[in-house]
Structure formats: structure tokens, C-alpha cells
Amino acid sequence: MKAFAALVGILATSTKTNDKLNAIREYFAIARDEDKVWVIALFTGRRPKRAVNTALLRQCIMEVTAIPAWLFEECYHTVGDLAETIALLLPEPVIELHVDDHLLSYYMEKFIALVKAGEAIKKDFIIECWAQMTAKESFVFNKLITGGFRIGVSQKLMVNAIAKTTGISPSVIAHRISGNWDPLLIGFDQLLSKENSAADFSKPYPFFLSYAIDGDVQDLGDPALWQAEWKWDGIRGQIIKRNNELYVWSRGEELMTEKFPEYKILEQLLPDGCVIDGEIIGLQPSTGAEKFTVLPFALLQTRIGRKHITKKQLVDAPVGFITYDLLEYNYGDIRHLPLSDRRNKMEEIINKLAGLPIYISPVIKFNDWEELTDLRNLSRDIGSEGLMLKRKDSAYQVGRKRGDWWKWKIDPLTIDAVMIYAQKGHGRRSNLYTDYTFAVKDSGKLIPFAKAYSGLTDKEFAQVDSFVKRNSIEKFGPVRTVKPELVFEIAFEGIAASKRHKSGIALRFPRISRWRKDKTPEDINTLDDLKGILETYNRS
């Protein structure tokens, strides 16, 4: 735990990629194999279930420090993070008692065993561990035991560090650590072995991701070298057919086969030994040229997270799959082939599946960039977010790469609103009010409709924080009601009706577009304006 806590400390405070890369590489060079497996699991989102709830942690810290509940809550609201608050309140261990030298794997296995243990056993374990830990170690311990551990390190960085330690290609490592594996049941060498990868028929490939175009699209050169497709708003996924079994993976490496029974028929009809990259998306068949109509993302959300899908949900929120690419054919990895070749093989497969909920992503025909720009402006009319541009000769790479694949999204929808609530952020923003709630006007009242915590510069966040502290009206736990004076332009990708929100509306990916210092609260939009956008959005 000492070595892992030190690694987390470096990764959390360093701003230089090389420093982070070297820290991970050095950790893997000295760590025990059982700890390496757990670090890979934790850094790729494979966290075990929460071992204890936060209420028990609160009880433990108040017992250890003998501070009253009201004082602890004040400390927590100031710091903004429970694990950090506890770590700061705990007394430093007596030197001779600071004997914690357990492996990370020891704690992870203990946490898993604690899930079904009684509260008294959990409490004794927590207090005993705290007594032997420094603040840095207890902070990481608290994050792990509550299932709240997250690390701001890309998988690409970790993969490159492992590659430097093992001598294995980064793309090979990225593939071998993907899929469905248990850090309790597999060793480090086994995880990275070719034999283990081949034995796992469910194993997906790492996804190839694009960058947003940040300049003039004409800078891409000859348009004849590029393939254009619509960018759909769903869940990026892979459908795998191996060993006569079907597997459906999300980009977040969640196995979702049982959540989409519509795909079950593909188990019999797809050729064995193929992997298809595409979009899990709400759609229904159409008699038009596009062969399908894309449904709002809000309908797909009604299916996400449900263990059992009812017949009514299958009818009300039908799901299909739009195919982008073919990664494996006849059990052979074909990611190295040009996109045009992979596309031809994919069309051979999908064209034989007419009448099923699986469709090829249409290629958009265009002669020059001006014509494509005009077509892009029609994106929202068909439920698309914009365009994808892919070099026809491109291989299917690993992770986010510049040069071969670009996303060219349409401009977001926007609305002007006033800030009415503020809450402190997390991590490096835990001492600043950076999480805001916004409202629009409705018959002389302010109606909250969205929350956002991104889009401002550090300087602007500091200015808003200062305003909140000087203009707070009421306090509700960590939330402050503020004078409705600051106006912001809120950008969002989509909009849907919602019974869960007071406004009756839910936004997709809301964020602050800009601070409208040129406007007053009298200038903000109304709830009717939002409903008008909703009606237009639904018609499109």
C-alpha cells in the first residue's frame, strides 16, 4: 500500500506526461505480480464492489477523533471529498506503530471479504488500518474501501508504461488487458500471455478513437482520400461472434449481451470468428433511403442499467446496431488492413442480414469539402451529431490517434440562463465553488433546468467562486443559494422531455459555453424557449 499510495500521489499532482509515465514504469519494475494485476484492474475501471458505506466511515472517524458530527460535516463541506477529509483529520501514526507493509492485493482481497461481514468487524478493521497509515495511505485506503477510487490517468499511458517494462508492444498489451478477467483469479504473466488472450473467446479489441477537427476541414487535403459517415449518438460497442457464442461489449468494457436481446438472433446468423465495431443505438426500421430512423438517446437511456428488459420496453425503446468497421474476420485480426478493404468485407457480412436490427453506417457521397459542409448542416435533421471523416487507407489503431480519423460535430444547441445554486467541486477544485445549477424564466419565476461544472477558465472559476462567497443567500449542506445575477450561455448536444425534472426537460451533455457578462438576468431565455427547442429537436 505504501508504494501504491506514493504512485497515486505522483499521478495526482504531476502535470507532466513523462513524469507520470516514469512513475508507473518504476512501480511496475518493483511491484509484486499480484499487485501489478490489481493496479491494471483499478486503472481500467475494474473496481470491486463497495466494501463499506460512507455512513460507517463517518462513525469511525468521529469515534477516532472524538469530534462532533456538526464539526465533521463542516470540515467535509470545506474539503469537498470524504476520503480526503478523513485522511486530514486522522492523527499521524506513532512511528513504532507505523508498520503497514501489506501488499495492495492484501487490502483488495480483504475488501472483497468484508462485503458480507458484520458492521462491527468492518469497523474494527478500518480503525486498525488507519492507526498504521499516513495521511496519503489512508486517503487511498478510504477511496478503495468505498469503491470510489478513480485515477486521472489514461489507459494509453498505463499501457505504454507496461510496454516499457515488459518489452511487449503497446497495441498487444491494450488488447490482452481488455475483456472479462478477474484480478483474484489471474496472474500478471498469465494476463499478458498470448495463450490466455486466445483462450478468451469474449475478448474485445481496444477501440480506435478520433479527435475533433480543430482547424479548417480543407486542411485534410484531397477529399477523395476520405470516407465520410454520420456520427451517431448512442453507445459505442463491439459485437463478437466466436465459438458460436455472441458477446456485446461497450466502449467502457462492460459486457452488455443480456441487456440487448434484439441481438440474440445474430448468434445464429453472423459468421463465426468475427468482431464488428459500431454503435448501440435506439432505432427503428424505415422505408426511406437510410433504411432506419434514429431515436432520441433518452429512449436508449431507459434501457441502460436494467437487468431485465420487459416486452413493453422492447416495443417502446427498440434498439439496433449501426456497424462502423470489421476488426476480425474468420478468426483473423484484420485491423492492419486498409479501411476500404475492411469495409468491403463488412458489407459482405451485413448485406446478408436484411430485416435484422443491424445496419451498415451509410457512406456519404461528396465531391468537395464545400458540398460536405452543406451536408453536415443537415445532421440534426436525421438525429446525427455531425460527421466522421476516415482515411480510406487507414488501419484500425488503438486509442485516440491524430491524423486518420476525425469527428466533425455540428455546433451545439445553446440557451442563456442564470446561476441560482453553487456547490464546491472535487479534487483540485474541492475548495472552490465550481458546480452550478442554472435556471430559465417562467411566468416571473426561475425554474432550474440544468447543472454544469465545465467550460470556464481557472481564472473565471475563481471569479465565480468569489461571487458565490460574497452573495450566498441560503445554505443547504454543501449547496449555496446565490443571488441570481450571473448569466451564462449553456451548450448541450440534445434535449428530451423528463418527468424527473421540475422543468420537464433534460439536457444531454450540458456545459458552460461562455460567461455572458454582457447580459442581465432579464435577458435570459424562458422555459417556453426550451420547450420550443424540444419541439424542433423532436420533429427533426
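The structure is a predicted model, in which local features need pLDDT of at least 70 and side-chain atom pairs count only at pLDDT 80 or more, whereas totals for chains, interfaces and linings use all residues. Residues are numbered from 1 along each chain as its sequence is written, and side-chain values use heavy atoms, with hydrogens and water left out.

Salt bridges were considered across the whole structure, and 29 were found. A salt bridge is defined here as a side-chain nitrogen of Lys or Arg within 4 Å of a carboxyl oxygen of Asp or Glu. One of them joins K475 to E74, with the closest N and O atoms 2.7 Å apart. This pair links distant parts of the chain, since K475 belongs to strand β18 (residues 472–476) and E74 to helix α5 (residues 69–79), 401 residues apart. Helices (H or I, at least four residues) and strands (E, at least two) are DSSP runs, numbered from the N terminus. K475 has a relative accessible area of 42% and is therefore partly exposed; E74, at 36%, is also partly exposed. In these terms, buried means under 20% relative accessible area, exposed means over 50%, and partly exposed lies in between (1.4 Å probe, protein chains only).

E489 is buried because its relative accessible area is 11%, while R514 counts as partly exposed at 42%. R516 and D518 form another salt bridge, in which the closest N and O atoms are separated by 2.7 Å. R516 counts as buried at 10% relative accessibility, but D518 is exposed at 55%. Through shared partners, salt bridges join D416, E489, R514, R516, D518 and K519 into one network.

Empty space was examined next. Rolling a probe the size of a water molecule over the atoms shows where such space is left. On a 1 Å grid over the protein atoms alone, a cavity is a set of points where a 1.4 Å probe fits but cannot get out, a pocket is an open set with protein on both sides within 12 Å along at least five of seven lines, and lining residues have an atom within 4 Å of a point. Grid points are joined across faces, edges and corners, and a volume is the space filled by probe spheres set on the points.

The second largest pocket holds about 860 Å³ of space. Its lining consists of 35 residues, and S498, R500, H501, A506 and L507 lie nearest the centre. Several elements each supply at least two lining residues, among them α15 (297–301), β15 (413–424) and β16 (433–442). The greatest contribution to this lining comes from β17, with five residues. By residue type, the lining of the second largest pocket divides into 20 nonpolar, eight polar and seven charged. For this division, Ala, Val, Leu, Ile, Met, Phe, Trp, Tyr, Cys and Pro count as nonpolar, Asp, Glu, Lys and Arg as charged, and the others, Gly among them, as polar.

The count of cavities of 30 Å³ or more comes to one. The largest cavity contains about 80 Å³ of space and is lined by D233, R380, G383, S384, E385, I410, E493 and Y537. This lining comprises two nonpolar, two polar and four charged residues.

Backbone angles were also considered. Most residues other than glycine have a negative phi. N244, however, has a positive phi near 60° and lies in the loop between β4 (235–242) and β5 (245–250). With a relative accessibility of 53%, N244 counts as exposed. N330 likewise has a positive phi, of about 55°, and is placed in the loop between β8 (319–329) and β9 (332–333). N330 is exposed, at 62%.

L185 is located in the loop between α11 (170–176) and α12 (188–191) and counts as exposed at 70% relative accessibility.
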